[in-house]
Amino acid sequence: MDNQHQDSGSRPPVHPEHAEQDYFSTNPPPKSLAQDIARAREFIGRHAEQGRKVVLVTSGGTTVPLENQTVRYIDNFSAGTRGATSAEYFLEAGYAVIFLHRQFSLLPYSRHYSHNVRSFLDFMREDDQGKVVVDEEHQEEMIQVLRKYTAAKRNNTILFLTFVTVAEYLWDLRELAKAMQPLGSRALFYLAAAVSDFFVPRDRLVEHKIQSSEGFTHHNNSTDANGDTKRQAARTDGHSLIIDLDPVPKFLKLLVDKWAPQAIIVSFKLETDPSPSSLTN
């Protein structure tokens, strides 16, 4: 459903550092950012002292709110399978893992039982003493998963942080990258999250829930603090609802060159078109 703003194709290219300044000055940080980064710095510092490598694994999809009082949003769907599975491998390889994931997406270890056509309750039963036990057929597999999860928690080698929107994700990524800079080449970024390529600038968000009635036609524009008229990102045209999205700045170059210049960075890009030309975009 992502559609680039019609006028954006005619805009001149923006220098990455200018894009960074513009984006982060107009899109406020998540409320939990300071607390999350404080936790991350303590986690990173502890494992740096122990000589352990640290990997930031991002996982799950990002949302693009269409309203300030968010009811409707565009979603980059991702269950988080790749990120959650990969985090387990990193832990087994001796890394400390910062698992930055979409809220309620799959988690390492619990994914074995939450991402299933069966309810996790189907793996359990009540015994003769009225206690909950795991069925015999699942005992061996579950005890292995439980031992690995318990070891990661006991050794404090995994830190769980969450995001929902694309703005929250980008704020977290930038600040975590800065916190990981002292690790140098002992830092690894494994970017498996499905990040939206387009977003709605905050000053063009509709304030309240987008209405389905024709009355919404009268709310196509808003006025900013300077009295200037802004076309809202969601507007009506006759009986149609039109949504204009701007491209999310490409911050991967800044991550490589500025935010974490000595780190190892692995990123993924999903394509549905097998033609060679699609891989160049």
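Mentor: Let's start with Glu42, which counts as partly exposed at 47% relative accessibility. The scale runs from buried (under 20% relative accessible area) through partly exposed to exposed (over 50%), using a 1.4 Å probe and protein chains only. One caution: this is a predicted model, so local features need pLDDT of at least 70 and side-chain atom pairs count only at pLDDT 80 or more, while totals for chains, interfaces and linings use all residues. Residues are numbered from 1 along each chain as its sequence is written, and side-chain values use heavy atoms, leaving out hydrogens and water.

Trainee: Where does Glu42 lie?

Mentor: Glu42 is in helix α2. Helices (H or I, at least four residues) and strands (E, at least two) are DSSP runs numbered from the N terminus. Glu42 is 137 residues from Ala179 along the chain, but their C-alpha atoms are separated by 9.7 Å. Helix α2 (residues 33-49) also holds Arg41, partly exposed at 45% relative accessibility. Here the C-alpha atom of Arg41 is 8.3 Å from that of Leu176, 135 residues away along the chain.

Trainee: How many helices and strands are there in the protein chain?

Mentor: There are 7 helices and 15 strands. Of the 281 residues in the chain, 42% are buried. For the surface as a whole, the accessible area comes from the Shrake-Rupley method with a 1.4 Å probe; for residues, only the protein chains shown count as cover. The chain exposes about 16400 Å², with carbon and sulfur atoms supplying 50% of it.

Trainee: Among contacts between residues at least 6 apart in sequence, what share joins residues at least 24 apart?

Mentor: A contact means heavy atoms within 4.5 Å. Among those pairs at least 6 apart, 74% join residues at least 24 apart. Take Gln103, in the loop between β4 (96-102) and α4 (111-114). Leaving aside neighbours within four places in sequence, Gln103 touches Thr162, Phe163 and Val164. Gln103 is partly exposed, at 37% relative accessibility.

Trainee: Now helices. Which residues of helix α1 are buried?

Mentor: The general idea is that an α-helix has 3.6 residues a turn, so residues three or four places apart point the same way. In α1 (residues 16-26), the buried ones are Ala19, Glu20, Tyr23 and Phe24. They cover an arc of only 110° around the axis, which puts them on the same side of α1; the arc is that of the directions from the helix axis to the C-beta atoms. Gln21 and Ser25 are exposed on the other side of α1. The buried residues of α1 pack against α6, β9 (198-199) and α7.

Trainee: And which residues are buried in α7?

Mentor: Leu254, Leu255 and Trp259. Looking down the axis of α7, its buried residues fall within an arc of 105°, so they line one face of the helix. Their cover includes α1, α6, β8 (187-191) and β15 (264-267).

Trainee: What about backbone angles: which residue other than glycine has a positive phi near 75°?

Mentor: That is Tyr109. Tyr109 sits in the loop between β4 and α4 and is buried, with a relative accessible area of 5%. Asn156 also isn't a glycine, yet its phi is positive, about 55°. Asn156 is in the loop between α5 (139-154) and β7 (158-163), and is partly exposed at 39%.

Trainee: Last one: what volume does the largest pocket have?

Mentor: Rolling a probe the size of a water molecule over the atoms shows where empty space is left. On a 1 Å grid over the protein atoms alone, a pocket is an open set of points where a 1.4 Å probe fits, with protein on both sides within 12 Å along at least five of seven lines, and lining residues have an atom within 4 Å of a point. Grid points are joined across faces, edges and corners, and the volume is the space filled by probe spheres set on them. Here the largest pocket comes to about 1300 Å³. Of its 37 lining residues, Val195, Asp197, Phe268, Lys269 and Leu270 are the closest to the centre. The elements giving two or more residues to that lining are α3 (81-92), α6 (166-180) and α7 (252-259).

Trainee: How do the residues of that lining divide into nonpolar, polar and charged?

Mentor: Into 18 nonpolar, 12 polar and 7 charged. Nonpolar covers Ala, Val, Leu, Ile, Met, Phe, Trp, Tyr, Cys and Pro; charged covers Asp, Glu, Lys and Arg; the others, Gly among them, count as polar.
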